[in-house]
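Here are my notes on the model, as numbered points. Please read them beside the structure.

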Amino acid sequence: MKLELGFIKINDVQFSNECAVKDGILYVNPEDVKAFIYDNDDVKTYIKSITLDIAKPGESVRITPVKDVIEPRCKVAGPGGMFPGVISKVDTVGSGRTHVLKGAAIVTAGKIVGFQEGIIDMSGEGAKYTPFSKTLNLVMVAEPVEGTKQHDYERAVRFAGLRCATFVGALGKDVEPDEVKTFETYGIMEGAKLFPDLPRVGYVHMLQTQGLLHDTYVYGVDAKRIVSTLLYPTETMDGAILSGNCVSACDKNTTYHHLNNPVVAELFEQHGKTLNYVCNIITNENVYLADKQRGSDWSAKLAKLLDLDAVIVSEEGFGNPDADLIMNCVKQEKQGIKTVLITDEYAGCDGKSQSLADSDPLADAVVTAGNANMEVVLPPMDKVIGMLDYVDYCSGGHAGSLRPDGSIEAELQIITGATNEMGFNCMSAR
Amino acid sequence: MKSPHRIRIITNNPLVKTVLSDYYTIEYYEDLSLREILVKVRDLVYSGYELFTHPMAGSVKPNETMFKSIVVGTDMKGVEIAHCNLMMNALITCDKFKPLGVQYSDYHIKDFQLIDYTLLCGALDFDAIAGLSKANF
């Protein structure tokens, strides 16, 4: 399967009377965007109001509570559309051509269920830890209709964010990209013929699937209902996998992360040179122990069936998913497939405690994405998009986290994407 | 919905008791802390009862939420070392997190109950949303 990504470099985002991409500037008419977002039954029913704002790198701006981040993209050739099974029809994506508004991001904010949303600072100490301080952010703050249940609100905000990204992404449809890159993986036999001497490598991509408000969607399917299965890596670039969860901010895989998965990017970088990138194996992180066994058994079975020599395994979350991470590792290693794991650590604020909730001697190649318990102090910002009401209660916060002067003392957990376990962060994974 | 036979839910979450009592065997301990629920389940697992759900389910940390529901077997099946390790690691992890000193409102406490309940429902293939309607939550 072959996909061309056309990167349109966005240097600025401005509110305007029109919606367009011209000379690297994204012009957005907020009323047009809102009208498109609201053309959805869930959004109409559960979201009382939407406010759009813009946050740029270097500004004294704090965005909180952040739910998701989405990169605006648009399919311009090939089957299907962005976010298949949710926004577009369920056609298989990952081939043809897709345009990317590189440098822009849609950030959704608004309190959903306590404790699990995060902070993006556009400058200062906090900006060092989140990749979304470097993007030009169109921020969508949603306010629920009174009495709306959390799960209904989560779904409505998810749809609203995806619709916002779809509308903005479509503005790049007829724009000539600044750069076009091609990504291609091959069928089993074809790949083996093309690269007979290169190690066959796969990516075991673990998805957060612990329950309502802890979900991830694949082609619109709640991934806790799936058994481990295969994806072409390029499918992820067209939005086949979506975040639908309200978990800790630091190691949540936002939809932006799924679209820009750094493991996929690095494996493509080495594809045909040092390795043969065969495919992705997606697997879940369920709560029921039998599901964990089934998921990791099937991941191992598929890797063996594909004659893989090595896999990279990334997880999402902490605690329960650590068990899946280790099960995936051990079962692959025991059948002779080398593994490298990517995780983050909850090693206490001094970094001296046990990092993971599970371990095994076979997990001897592990990349850390940082210690989520590390304490940081974030300076006050001139402007807050969203609300500060929940800072003390968010994961990583504590009583008095929000100081009277507007500064915040908290653990790294509270910063969106700070210890992302795909390695898309500013800590140690690269 | 998973079969209710040969399993029981050890919990300190009143929402779980309210919604799931009609369907599953619930052992409800109103006065036990999250850690004490872990200890209770650890002791059951150490004495040979089967563990069905992961004790660290959910992204909410053990120093944040006060609610925990875990599914264990009703029959002695023999000691499973892997399950013992899970419980031991869960307690080590629990003790690693320092108290936050936050005074939670009823609103926040209900959020914590909801999260624990929905995670349990996910594990049991139980329709969490229908259950909430029934409980008028």
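1. Terms for the sheets come first. Two strands pair if DSSP finds at least two bridges between them. Helices (H or I, at least four residues) and strands (E, at least two) are DSSP runs, numbered from the N terminus.

2. Ground rules. This is a predicted model, where local features need pLDDT of at least 70, side-chain atom pairs count only at pLDDT 80 or more, and totals for chains, interfaces and linings use all residues. Residues are numbered from 1 along each chain as its sequence is written, chains are lettered from A and ligands numbered from 1 in the order in which they are written, and side-chain values use heavy atoms, with hydrogens and water left out.

3. The six-stranded sheet. In chain A, 6 strands make an open sheet of mixed pairing, ordered β16-β18-β13-β19-β20-β21. β16 (229-231) and β21 (366-371) of chain A stand at its edges. Each has a single partner strand, so one side of each lacks a neighbour in the sheet.

4. β13 (residues 200-207) and β18 (residues 276-284) of chain A are parallel and share 8 bridges. Which residue of β18(A) is the bridge partner of Met206(A)? It is Thr283(A). Helix α9 (residues 320-334) of chain A lies across β13, β18, β19 (310-314) and β20 (338-345) of chain A. The helix runs at about 165° to β20(A).

5. The three-stranded sheet. Chain A also has an open antiparallel sheet of 3 strands, in the order β15-β14-β17. Its edge strands, β15 (221-222) and β17 (241-245) of chain A, each pair on one side only. β14 (residues 214-218) of chain A is joined to β17(A) by 5 bridges, running antiparallel. Within this pair, His214(A) stands opposite Asn245(A). α3(A) packs on the sheet and touches β14 and β17 of chain A (contact means heavy atoms within 4.5 Å). The direction of α3(A) makes about 145° with that of β17(A).

6. Salt bridges. The criterion is a side-chain nitrogen of Lys or Arg within 4 Å of a carboxyl oxygen of Asp or Glu. Over all chains, the whole structure has 27 salt bridges. One of them links Arg155(A) to Asp152(A), with the closest N and O atoms 3.1 Å apart. These two residues are 3 residues apart in helix α3 (residues 150-170) of chain A, so about one helical turn separates them.

7. Backbone points to check. The peptide bond from Thr64(A) to Pro65(A) is cis, with omega near -10°. Pro65(A) is in strand β6 (residues 61-70) of chain A. Phe83(A) has phi near 55°, a positive value in a residue other than glycine. Phe83(A) is in the loop between β7 (73-77) and β8 (96-102) of chain A.

8. The extent of the interface. Chain B gives 42 residues to the contact and chain A gives 44 residues. The area buried between them is about 3500 Å² (accessible area, 1.4 Å probe, that the two parts lose on being put together, summed over both). Carbon and sulfur atoms give 62% of it. His54(B), Ser59(B) and Lys96(B) supply 15% of the area that chain B buries against chain A, more than any other three residues.

9. Chain B and chain A share 1 salt bridge. Asp125(B) forms a salt bridge with Arg225(A), the closest N and O atoms being 3.1 Å apart.

10. The chain B side. α3 (81-96), α4 (106-124) and α5 (128-135) of chain B each supply at least two residues of the side that touches chain A. The largest share, 11 residues, comes from α4(B).

Definitions and conventions. Axes are lines fitted to C-alpha atoms, for helices over the stretch in contact, and angles run from 0 to 180 degrees between N-to-C directions.
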